[in-house]
Amino acid sequence: MDAPDRILNSSFPLARSEVKPPLINIKPVNLFFDLNRAMSLWPVTFGLACCAIEMMSVSMARFDIARFGAEVFRPSIRQADLMMVTGTVSKKMAPALVRLYEQMPAPKYVMACGNCAISGGPFKFEGQYGIIEGVDNLVPVDIYVPGCPPRPEAILEGVFSIQEKITGRRWWPQPQEIPSEPPPAVAKK
Amino acid sequence: MALSLVNFVVVIAAVLLIIGLMVVNAVIMVYAERKTAGFIQRRPGPYEVGPWGTVQAICDSMKLLGKQIFIPGNVDWILFFAAPVLAFFPVLLLFLPIPFGPYLTALKVDEGILLILAFAGFGVISNILAGWASNNKYGLLGAARAVSQSVAYEIPMIMALLGVIFLTGSMNLTQIVERQGAWPWQWNLAVQPLAFFIYVVSMVGETNRAPFDLPEAESELTAGFHTEYSGMGFALFFLSEYANMLLVCCVCATFFLGGWRGPFLDGFWWTFIKAYALMMFIVWIRWTFPRVRFDQLLNINWKWLLPLSILNLWITAVILKFVD
């Protein structure tokens, strides 16, 4: 059995993602609220493993997610908009994660931070029994941020991508491309 | 009838102005607090949303407006919806007797401070209702903490204010301001420094601000009494918290810092300057000091503030008796 089937057959409650159409669908109002939602994404204080250290670091000096209005880490899931799944999701944690996702009031966004949350990362091997191989087996994921763990800049970029997904445009300038260094010359004999 | 038609119209206009003041105050203070937190931690704070992040607080409030309102199962939904409203509405009444300026007082009553202290209790009731109605163990624990904390810190607060009331011989806030002079050494702060200190400490405890924010201690109780509130319910609690902060700071400015009297140009701007300086002081200590434990919190109150305030009251009474 591959991973999703195994999880479906186990006793975990799975999150359902159903997006109902809005009752009042006026385009300028929708645009206005979407803009406001994108500019104040409050994450939930939810760290699972070492990627959580990067999540802390992104809210501190030098990186400062507060510049984009996303530093209000809410301890209660009812007041949060964004769930950063930072780290390895073990099978013990999976029911709690699904329950937290379902307790979050809409509109809600999920960011899978780090390789473990994306695919199981280094813990994925034949015969492993404790790890959920990818958090998208449990809850719908909006943005994947790769890295092991991802740099704080990458997490910032993930927040920008969610903003782009909500509003349909990128708000901040693209980072400068760092030219890759040529491979070191091997001395020929 | 003591209230004539003119007074009635004045009060209605004042209530509308106070609603505006509360909303503007919350927007400004959310921005100022996040910015100050940033500067204290050597980061810029909100920066990109609007010039220097000035639109940030408006974005937050609009987002909270558009958030799903969630009613958990087994909730007493009447109380669940009544609690945030009850947190918000009494504050309107509390601002009425505050003399912002010589002519800017909505309700000139002789027992102004009595009115404020009596109706300030509604804030605690809203916290209890929120914690009880949301059917959540963390909410209930936060509510229990809010009660014991507010009841404890009200007593030294009243004792500290009583010292000034003894000195002035009046509970009328306008008269209290008029008895003080324009310069700092003529303020009540100069003759009642201990009462001022006790009042400032209890004022932080009374408004549930850090380092005394035990009712919503994030590390122990998920978010305390407003754990189950999403969207506008949470926003109303936030609004009333900032309005309560402004209220206690206005009372402090009136009682100890000379109210609308200043070295030059008496007017309502002095009240606002002093009140907002005190608000920034509260924000400053919030981001500087760690949270105290609950037994420490009550020990500070019952073992230090209460005996000190009784001592202050006693000394004030004795001196007044001998001076007379």
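Me: What makes two strands a pair?

Reply: Two strands pair if DSSP finds at least two bridges between them. Strands themselves (E, at least two residues) and helices (H or I, at least four) are DSSP runs, numbered from the N terminus. This is a predicted model: local features need pLDDT of at least 70, side-chain atom pairs count only at pLDDT 80 or more, and totals for chains, interfaces and linings use all residues. Residues are numbered from 1 along each chain as its sequence is written, while chains are lettered from A and ligands numbered from 1 in the order in which they are written.

Me: In what order do the 3 strands of the open sheet in chain A run?

Reply: The order is S1-S2-S3 in chain A, with parallel pairing. Strand S1 (82–86) and strand S3 (143–145) of chain A are the edges, each pairing on one side only. S1(A) and S2(A) (residues 109–113) pair over 5 bridges.

Me: How many residues of chain B are in contact with chain A?

Reply: Contact means that C-beta atoms, placed from the backbone, lie within 7 Å. Here 29 residues of chain B are in contact with 19 residues of chain A. Helix H1 (5–40) and helix H2 (56–65) of chain B each supply at least two residues of that side of chain B. H2(B) gives the most, with 5 residues.

Me: Which residues of H9(B) make the contact with H12(B)?

Reply: From H9(B) come B:Leu194, B:Ala195, B:Ile198, B:Val201 and B:Ser202. They meet B:Leu305, B:Leu308, B:Ser309 and B:Asn312 of H12(B).

Definitions and conventions:
Contact = placed C-beta atoms within 7 Å.
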